[in-house]
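Please look at the model first and then read on.

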Amino acid sequence: MNSYDALAASYDALTADAEHLRRAAYLDRLFRRERAPVETVLDLACGTGTIACLLAERGYRVLAVDGSEEMLTQAAKKAETLGERAPLFLHQAMPRLRLGREVDAAISTLDSLNYLTRTADLRETLRRVCRWLKPGGVFYFDVNTPWKLRRMDGQVYLDETEDSLCVWRTFFSERTKICTYQVDLFQADGQGAWDRAFEEHRERAWSREELETYLREAGFDGIAVTGDMTDRPPEPEEDRWIFRCRKPAD
């Protein structure tokens, strides 16, 4: 089963602690600091569309892309109340990004780029993001740090709601720098029984040096790295890095 096929319907309830409101406000503050107005935003790997919808509510025109049809189905339902302000959702894999028009800014949140485990896919994704940004446009994204993914080796995590239980077992390979999440999802069927599904997720621990190199190769400059949702430099034991960069102006 592909990543998030089974989890899509329960994803929002199981990730209620992801601080989406705070993260959208943080992105909004960064956009408002830019010299050129940010009006159009690409949300790359948008998932169930929470951040995309929160930015749309703040007045941005959002193009939201994800590789999972099931996650996009949930996103479209979420956006129904937004009317004409709703994001435009596109079903595309990150390395095959094609928008048809340039945007003022691009974002990718909640470690989506870690899911690109092949160097070629990461480099192509960054190249395409740069391609579809207007000159001077900005790209903000976060990643799980190598320190966090290594620390997850051999751990078991439980998430539960009234009608779902999710068990995550995690394993980190120092050879491949990949953290594998084996996910068992149990969902109540409404008739007193539970349905079980299994998914396997894989995240690559990209180093800061690797990411900075691939960003420069893709055409970005002005690269800066901070701790999660802050302006401070990252700590040695940081769970999440925020990268900020831009496409050079003509």
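Within what distance do the axes of helix H5 and helix H7 come, and at roughly what angle do they cross? The axes of helix H5 (residues 119-131) and helix H7 (residues 208-218) come within 8 Å and cross at roughly 45°, where helices (H or I, at least four residues) and strands (E, at least two) are DSSP runs numbered from the N terminus. The model is a predicted one, in which local features need pLDDT of at least 70 and side-chain atom pairs count only at pLDDT 80 or more, while totals for chains, interfaces and linings use all residues. Residues are numbered from 1 along each chain as its sequence is written, and side-chain values use heavy atoms, with hydrogens and water left out.

**Helix contacts**

Axes are lines fitted to C-alpha atoms, for helices over the stretch in contact, and angles run from 0 to 180 degrees between N-to-C directions. H5 and H7 are therefore oblique to each other, since angles under 35 degrees count as roughly parallel, over 145 as roughly antiparallel, 65 to 115 as roughly perpendicular and the rest as oblique. Their contact (heavy atoms within 4.5 Å) is made by Thr119, Leu122, Arg123, Leu126, Arg127 and Cys130 of H5, together with Leu211, Tyr214, Leu215, Glu217 and Ala218 of H7.

The axes of helix H2 (residues 20-33) and helix H3 (residues 50-57) come within 9 Å and cross at roughly 50°, which makes H2 oblique to H3. On the H2 side the contact involves His20, Leu21, Arg23, Ala24, Leu27 and Phe31, and on the H3 side Thr50, Ile51, Leu54 and Leu55.

The table gives the residue classes of both contacts, with Ala, Val, Leu, Ile, Met, Phe, Trp, Tyr, Cys and Pro counted as nonpolar, Asp, Glu, Lys and Arg as charged, and the others, Gly among them, as polar.

| Contact | Residues by class |
|---|---|
| H5 with H7 | 7 nonpolar, 1 polar, 3 charged |
| H2 with H3 | 7 nonpolar, 2 polar, 1 charged |

**Cavity and pocket**

On a 1 Å grid over the protein atoms alone, a cavity is a set of points where a 1.4 Å probe fits but cannot get out, a pocket is an open set with protein on both sides within 12 Å along at least five of seven lines, and lining residues have an atom within 4 Å of a point. About 60 Å³ of space lies in the largest cavity, whose lining includes Arg23, Leu27, Tyr140 and Asp142. H2 and E5 each supply at least two residues of this lining.

The second largest pocket has a volume of about 190 Å³. Of its 13 lining residues, Ala36, Pro135, Gly136, Gly137 and Arg246 are the closest to its centre. Strand E5 (residues 133-144) contributes the largest share of that lining, 5 residues.

Terms used. Grid points are joined across faces, edges and corners, and a volume is the space filled by probe spheres set on the points.
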